[in-house]
Amino acid sequence: MDGSDTTPVAAQSAPFEARALRTALGSFVTGVTVVTAQDRFGKPHGLTANSFNTVSLDPPLVLWSQSRQASSYHVFRESEVFAVSILAEHQIDISNNFASHKEDKFEGVSVDRTFCSLPVIADSSAWLYCRMVSCVDGGDHAIYIGEILKIAHNERPPLIFGGGRYLQARPHYATRGAGAAAASDGVLVESLHH
Ligand SMILES: Cc1cc2nc3c(=O)[nH]c(=O)nc-3n(C[C@H](O)[C@H](O)[C@H](O)COP(=O)(O)O)c2cc1C
């Protein structure tokens, strides 16, 4: 222990108040993605999702979860492929757009369709094209696991979400400077290999 105060501001046992649960979970900071697929008529569907995470490097697997209340739930549940656009920090409007209930979320949005004609959001930080390998019920959500078939990325810094708001990623003060950067690179490489 470093002597800092670890007394909780608030503590609850289950059942939790919805707000307390959201506040505690909001301490886990994430990136922001837009997950997309097409229905059987070729119409694109997409929603903002921060439940995205990596699962495995070999084979390359990722997961995300979708509320069963989402209007696009049946599209993803029946889809054999999906794409993940990892949003860049200038794409807050895109995130809000795909978190909305607009009839056509793709109207006015710049989209690329370079792989399997899956729509992805232009100017994002990275793109993953996935084959659906598993779908599991998880409470009020469905958990989708996809195998990555193709990747693309650029140098745009990612958009971050935590504590219920959008954030920007910046290097930790302890890793600024040449020596610290080298040390932290070592930690990063290790953590990628668990
Ligand atoms: C930052 C952020 C992250 C979100 N993450 C998820 C998520 O992981 N899963 C989910 O089902 N909804 C998530 N949502 C909510 C959906 O984007 C939202 O309910 C959307 O309208 C669902 O689209 P649909 O009803 O057109 O399918 C998130 C919203 C925001 C703003």
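The model is predicted. Strand β2 is largely enclosed by the rest of the structure, because six of its six residues are buried.

- Strands of a sheet pair through backbone hydrogen bonds, either parallel or antiparallel.

**Strand β2**
- β2 spans residues 33-38.
- In a regular strand the side chains alternate between the two faces of the sheet.
- Both faces of β2 are covered. T33, V35 and A37 are buried on one side. V34, T36 and Q38 are buried on the other.

**β2 with β3**
- These two strands pair in the antiparallel sense, over six bridges.
- T36 has G46 in β3 as its bridge partner.
- β2 and β3 form a hairpin with five residues between the strands. In this hairpin, G42 takes a positive phi near 85°.

**β2 with β6**
- Four bridges join β2 and β6 in antiparallel pairing.
- I86 in β6 stands opposite T33.

**β6 with β9**
- β6 covers residues 81-86, and β9 covers residues 126-138.
- Their antiparallel pairing runs over six bridges.
- Y129 in β9 stands opposite A83.

How values were computed:
Residues are numbered from 1 along each chain as its sequence is written. This is a predicted model: local features need pLDDT of at least 70, side-chain atom pairs count only at pLDDT 80 or more; totals for chains, interfaces and linings use all residues. Two strands pair if DSSP finds at least two bridges between them. A residue is buried if 20 or more other C-beta atoms lie within 10 Å of its own, exposed if 12 or fewer, and partly exposed in between; C-beta atoms are placed from the backbone.
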